[in-house]
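Dear colleague,

Please find below the structure that I am handing over to you.

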Amino acid sequence: MDFQKTFSDHQETAVKWRSSTLEERSARLINLRNWIKENQDLIRKALLEDFRKPEPEVDLSEIFPVTSEINHTLRNLKDWMKPKRVSTPLSMIGTNGKIHFEPKGTALIISPWNFPFNLTVGPLVSALAAGCTAIIKPSELSPATSSLIQKMVKAVFPPNEVEVFLGEVEESQALLSLPFDHIFFTGSPAVGKIVMKAAAEHLSSVTLELGGKSPAIIDASADLNDAAGKLIWGKFVNCGQTCIAPDYILVHESQKERLLMELKVFLQKFYDPAFKGIENSRDYARIIGPKHFERLSDHLEDAISKGATLDFGGKTDKSSFYFDPTILTAIREDMSVFQEEIFGPILPILTFSTIEEAIGMVNSKPKPLALYYFGKESENSEKVVRETSSGNVVLNDCVIHFLHNNLPFGGVNNSGIGKAHGHEGFLAFSNEKGVLTQRIGLNNVTLLRPPYGVKAKQIISTLIKWF
């Protein structure tokens, strides 16, 4: 694989694309959308092969977010591309300021395995909207979908505009050694640090969509039936392998037992309504592979050995990578499920007595990608929003903020750097270039040039005092 040759070709294209028009960018997005719509069955088959992911789940979590992103971008791209006038401060009277949005240039997109189509093509949409070329490195852990993405790109784009390289760590390292203008990475905080270090060698800008232990706070005033249904779907969609899935629940001590009951009801209702066993459900996906299956098994074994109570699930099958939706209580701080991001179908439940205690528990951990609050007390919900830090907050639901194209999506510090989706995605791949126009002849700084006389000093003193 000739990474350097492809990268050089992309650099040449990027220079030409600096002046790309709305019509040209829109045409690329429309061609991409057309391929996706015409090949939905291929996308479903690839994800069935990689995950045994249910078809409706593929449509909802892999295809719809991408087509929605494209449609939203096409509706708004004209406005996003327009230079934006900025107001003129009194001290700069006579000048005219605008912000121009130019493509950063060449982009590298390193995408993950958990939503391999969605989290590859979504950033590509933003890159194309901004006028950037893109080289894509999809995950080796979802080979069927990665191969399909390569097939799609070859069908829609010339290799000097968008290219896909398959491979493993070695290929990623080779690509990260190149001086890309922007790198968009989705994955774990540990690998995010490696990506950021490599980007620093070339001062490449980065968007890092990482993860962390996203909490769900269930206050005493919560509607538990409503909350339980939302939590079960948000946690166990994609077999829990979702960066914004509720990682653990903090429930008010007065509501713990009833919440457990409601959670079990919805697990049965969603995944085993005929009482044939969740392992026989066509609506429940599988763990991606042996490495992550073993990791989750170790989490479960560690928790049980240290005194956790198995309230639901616990059944596994290594041959098919089946892992029961599992609920644990009696969690201790020394358990790995309390310390590490779970990224799978294990749901630990802890209790709190006051909202301040819950907030303290959240703040004792690195800032999460998302935080969920369920309750009817606006004072408490406002307190949670105000006194915690996370990439996003959802009140009385979970996970669905990913689908809101007008909200920025991303983390903060350990859970990510930069934002994505919609306008924020366009900005991530754009350089916001300030352009100032000064009048010819007498202007606001004419009297401030050397030699500095009394008049100039008086003007400077006035500027310091009043402006």
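The notes below describe a pair of helices and then a sheet.

This is a predicted model, in which local features need pLDDT of at least 70 and side-chain atom pairs count only at pLDDT 80 or more, while totals for chains, interfaces and linings use all residues. Residues are numbered from 1 along each chain as its sequence is written, and side-chain values use heavy atoms, without hydrogens and water.

Helices (H or I, at least four residues) and strands (E, at least two) are DSSP runs, numbered from the N terminus. Helix H9 (residues 224–236) packs against helix H10 (residues 256–271) at about 55 degrees, with the axes 8 Å apart. Axes are lines fitted to C-alpha atoms, for helices over the stretch in contact, and angles run from 0 to 180 degrees between N-to-C directions.

The open sheet has 7 strands in the order S10-S13-S14-S9-S8-S15-S16, with mixed pairing; two strands pair if DSSP finds at least two bridges between them. Strands S10 (309–312) and S16 (392–395) are at the edges with a single partner strand each, so one side of each has no neighbour in the sheet. From one strand to the next, the twist averages 25 degrees.

Strands S8 (residues 215–218) and S15 (residues 370–374) pair in the parallel sense over 3 bridges. Alanine 216 has tyrosine 372 in S15 as its bridge partner.

Yours sincerely
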